[in-house]
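Thanks for coming. I have one structure to go through today, and I will take it piece by piece. Please have a look at it first.

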Amino acid sequence: MAWQSEMTTIVRHLINDTDISSPTFTNSRLETSILVAAQLMNNEVNFGKVYTISVDGCSLSPDPTVETKDNAFINLVSLRAGCIIVSSEIKTAGANLISVSDGPSSINMTATLNGLKIVYEDIKERYETAKLQYQAGGNIGEAVLSPYSLRQQDSRYGVW
């Protein structure tokens, strides 16, 4: 199905898993995370369409990426899936956290964990902002009374 290809690619870029020769996550794992995120989104956001989600059956219908493309659904679910995956990576990295010092040499894995936390906070912030924008006006990236709408309509800013 088209959603599996398009949304998996989006999530891969969000979590920086774009090495084609040796990706960290399988397509199957990303698809499952997308479906879990879609299921969780049903409780958070009221989309115009009703989506039937089967995590066990790995299915999503109607496909949000074909015919009348539902960009809001695609973007919000992809961001939510990115949050789920990176939070899982933080848990794994935290469990494997080591710090060893032997004389002048030392090994410290906290930088890896801190880097993952930064990525998680970035994706989470983008998700929360996009969700609020969608709930406020239905358009992700352009909330009601945003500074972008003023600049597009006001010739003082030189933008039309």
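One term is needed before the rest: a residue is called buried under 20% relative accessible area, exposed over 50%, and partly exposed in between. K69 comes out at 40%, so K69 counts as partly exposed. Keep in mind throughout that this is a predicted model.

In general, side chains of opposite charge can pair when their charged atoms come close. How many salt bridges does the structure hold? The count is six, and I will go through some of them.

K69 forms a salt bridge with E6, and the closest N and O atoms are 2.8 Å apart. E6 sits in helix α1, while K69 is in the loop between β2 and α3, so this pair ties together parts that are 63 residues apart in sequence. E6 has a relative accessible area of 24%, and therefore E6 is partly exposed.

The next salt bridge is between E44 and K131, with 3.3 Å between the closest N and O atoms. This pair also links distant parts of the chain: E44 belongs to helix α2 and K131 to helix α4, which covers residues 110-137, and the two are 87 residues apart. Are the two partners buried or exposed, or something in between? E44 is partly exposed because its relative accessibility is 26%. K131, on the other hand, is buried, because its relative accessible area is 14%.

K131 has another partner. Its side chain meets that of E128 in a salt bridge, at 3.7 Å from N to O. E128 has 31% relative accessibility, so E128 counts as partly exposed. Salt bridges with shared partners join E44, R80, E128 and K131 into one network.

Now the aromatic rings. There are three aromatic pairs by the rule used here. In one of them, F47 and F73, the ring centres are 5.1 Å apart and the planes stand at 75°, so the pair is edge-to-face. F47 is in the loop between α2 (27-44) and β1 (52-54), F73 is in helix α3, and the pair links these distant parts of the chain across 26 residues. Both F47 and F73 are buried.

F73 also pairs with Y51, and that pair is stacked, with 4.0 Å centre to centre and 20° between the planes. Y51 is in the loop between α2 and β1, 22 residues from F73 in helix α3, and this pair too links distant parts of the chain. Y51 is buried, as is F73. Which residues do the ring pairs link into a cluster? They are F47, Y51, F73 and Y134.

L14 counts as buried because its relative accessibility is 15%. What does L14 touch, apart from its neighbours within four places in sequence? L14 is in contact with S78, L79, I123 and R126. The C-alpha atoms of L14 and G82 are separated by 6.2 Å, although the two residues are 68 residues apart along the chain.

A few points on the backbone. The peptide bond from S61 to P62 is cis, and its omega is near -5°. P62 lies in the loop between β2 (59-61) and α3.

Two residues other than glycine have a positive phi. N16 has a phi near 60° and is found in the loop between α1 and α2. Its relative accessible area is 64%, so N16 is exposed. C58 has a phi of about 50°, and its place is in the loop between β1 and β2. C58 counts as partly exposed because its relative accessibility is 25%.

Last, the surface. L97, I98, V100, I107 and M109 form a nonpolar patch there, with about 400 Å² of accessible area together. Where in the chain is I98? I98 lies in the loop between α3 (71-95) and β3 (99-102). At 43% relative accessibility, I98 falls in between the two cut-offs and so counts as partly exposed.

That is what I have for today.

Terms used
Residues are numbered from 1 along each chain as its sequence is written. This is a predicted model: local features need pLDDT of at least 70, side-chain atom pairs count only at pLDDT 80 or more; totals for chains, interfaces and linings use all residues. Side-chain values use heavy atoms; hydrogens and water are left out. Patches are made of residues with over 30% relative accessible area and no salt bridge: like charges are joined within 9 Å, nonpolar side chains (Val, Leu, Ile, Met, Phe, Trp, Tyr) within 5 Å. Accessible areas come from the Shrake-Rupley method with a 1.4 Å probe; for residues, only the protein chains shown count as cover. A salt bridge is a side-chain nitrogen of Lys or Arg within 4 Å of a carboxyl oxygen of Asp or Glu. Helices (H or I, at least four residues) and strands (E, at least two) are DSSP runs, numbered from the N terminus. Buried means under 20% relative accessible area, exposed over 50%, partly exposed in between (1.4 Å probe, protein chains only). Rings of Phe, Tyr and Trp (its six-membered ring) pair if their centres lie within 6.5 Å; planes under 30 degrees apart count as stacked, over 60 as edge-to-face and the rest as tilted. Contact means heavy atoms within 4.5 Å.
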